[in-house]
Amino acid sequence: MKKYRHVNSALILLLIMLGARTAHSQTVPLGLLENVEDQYRRLQLLGKDTTGNSFTVRPLTLPTFDHDTDGNSFYTYKELLKPLFNNAKLNMQISALPVMLQQQYNFKAPFGMNDNSMVQSRGYQAAISAGFFFRWGPLSVQLYPEYVYAQNKSFLGPESNVNESGFQKAYASYIYNKIDNPSSFGESAYNKFSWGQSSVRLTFNPISLGLSNENLWWGPGIKNSLLMSNTASGFKHLTLNTTKPVDIYLGKIEGQMIAGKLESSGIDLPSTVRPEYRKYYTNKPDDWRYFSGFIFTYQPKWIPNLFLGIDRSFVIYRKDMGKSIGDYLPIFTALEKQGGVNRETNVYQEDLKKRDQYLSVFARWVMPESKAELYTEFGRNDHAYNIRDLLSEPEHSRAYILGFRKLFALRSQDEYIQFGFEMTQLELSKTSNLRPTESWYSHYQVTDGYTNRGQILGAGIGPGSNIQSTEVSWVKGMKRIGFTLDRLVHNNDFLYNTNSSVTEVRRHWIDFAFGANFGWDFNRFIINSNLTYIRTLNNQWLIDNDGSFYWDIPKVDTNNLHFKVGLAYKW
């Protein structure tokens, strides 16, 4: 019966649709309206949320956000829509979506993540989007394309910044040849038009089926997510998802299942790479990748404000796919490798399928009495052989996120000090010394890695990296003024596992980022801005080893400035 489990799971979702009503399917574009999303999440901490939404399956659907528990209306995304046509008899509406302009400037080197279609770039960059929303009964069309321009000034990336054969060979074999994540998007100005946050859906509340290009976010994290964030641009995917928490008597559930197409960046090796080093670099296959994934969240009936979840995804080149249902829906296959060994080759059947798997479990606990929340996510990018293996080395191929947020009330009504901390650990554990495993988001068979158009689908800090983030802000409704402090360590897996002269403690590439944030709404405008100073130690893992005393070598440290302004205009 195991081979029919995927059919049973699909039937459960279809049964939920019975008796469902048609509904709006307008979504809050992920990352484009940070003030609005943050306001919604804070309502839960204040005990004023009426939706019971887990905030682990995004983008959020609009109709559930109208008022708080006191019956007071608050600033909603609906207020940003400009009605152009509305006919209740025909059950039809047409609205103009807000115009979005995101701008940023990196003075010395690329910096930033969770910015949708924007790319790693030095200099000026802008992304603009505008469009319309159309609904007729259960059918809805959200046309919200994006255009991105990046000045893309030159800078020395890791492919060409060190005149060391050992470094170039290690970088090529351990990073470049296993992931499509270029340090720079070409050597001239970058221009890209995409469908952005567009979708076509059939919605029967609380289920929606559609074709979408929207950015997705899975999991409870605020700064990072292990499997799905908005660091990469959105990709075309079929989606079957809930539009709000569904009551199943034992609690409430939310979920999403998608199948999509991932594309490569198409970026060639920089011309600055010296000819003698080019032999170490391998071109990526000329093929797109098939992505399949799901997320499921459960709210227990007996423990209010607790959200438990699981998400899983697979990536494979189209040329390596089979034609069975299991090849299109591998997310419902067994979680362990036991029983899947090819006796002729002594290789796991799963490894022969040349696909890359990710799995995580997560929890979020909201405590309105304390105006606080705790959340965590724990994931693995490799199957355990069996339960014994999982219990023996649960840390093998693991990554995790830990975070919390708390609001401190001020004297004025609806004003708070918001304090948050989040840490993400992608660096491999010590088990990698005994058994082979790939860094998160890179793969020896799927050599484009866990990316779309050259950017990470999951945590924006990238493979083998770790980050600790702290935020302190004054908040009131949509308004926010605050400060952030981040410590980002770039790809320690590369540093520790290259087996070459690169492996030494002095080479750690570390960013200390001090940021000031401002968010406000002015009549028809909503603004988000950020100014960040970045002090970088050992930029690109570079040291100047001139024979000095071990710790007295000349430092290769840099200073950078990142400025970002997002502007939304409602008609």
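## Second largest pocket

In this predicted model, the lining of the second largest pocket comprises 8 nonpolar, 11 polar and 10 charged residues. The volume of the second largest pocket is about 610 Å³. Its lining consists of 29 residues, of which Asp382, Pro436, Thr437, Glu438 and Tyr444 are the closest to the centre.

Two elements of secondary structure may be named as contributors to this lining. At least two lining residues come from each of α5 (349–352) and β21 (355–367). The largest share belongs to β21, which provides 4 residues.

## Aromatic pairs

A pair of aromatic rings is described by the distance of the centres and the angle of the planes. The structure contains 26 aromatic pairs. One of them joins Tyr171 and Trp541 in a tilted arrangement, with 6.5 Å centre to centre and 55° between the planes. This pair links distant parts of the chain, 370 residues apart. Tyr171 belongs to helix α3 (residues 165–174), while Trp541 is placed in the loop between β30 (525–537) and β31 (558–569). Tyr171 and Trp541 are both buried.

A further pair is formed by Phe404 and Phe419. Phe404 is located in strand β23 (residues 398–409) and Phe419 in strand β24 (residues 416–425), so the pair ties together parts separated by 15 residues in sequence.

The accessibility of these two residues can be classified from their relative accessible areas.

## Aromatic cluster

Ring pairs also connect several residues into a cluster. Its members are Phe235, Phe291, Tyr358, Trp440, Tyr441 and Tyr450.

## Charges over rings

Two contacts between a charged side chain and a tyrosine ring complete the description. In one, the charged end of Arg41 is positioned over the ring of Tyr375, at 5.6 Å from the ring centre. In the other, Lys178 lies over the face of Tyr174, 5.5 Å from the centre of the ring.

Technical notes
Residues numbered from 1 in each chain as written. Predicted model: local features only at pLDDT ≥ 70, side-chain atom pairs only at ≥ 80, totals over all residues. Heavy atoms only, no water. 1 Å grid on protein atoms, 1.4 Å probe; cavity = no way out; pocket = protein on both sides within 12 Å on 5 of 7 lines; lining within 4 Å. Points joined across faces, edges and corners; volume = space filled by probe spheres on them. Nonpolar A, V, L, I, M, F, W, Y, C, P; charged D, E, K, R; others polar. Phe/Tyr/Trp six-rings, centres within 6.5 Å; stacked < 30°, edge-to-face > 60°. Buried < 20%, exposed > 50% of the residue type's maximum accessible area, 1.4 Å probe, protein only. Lys NZ or Arg CZ within 6 Å of the ring centre and 35° of its normal.
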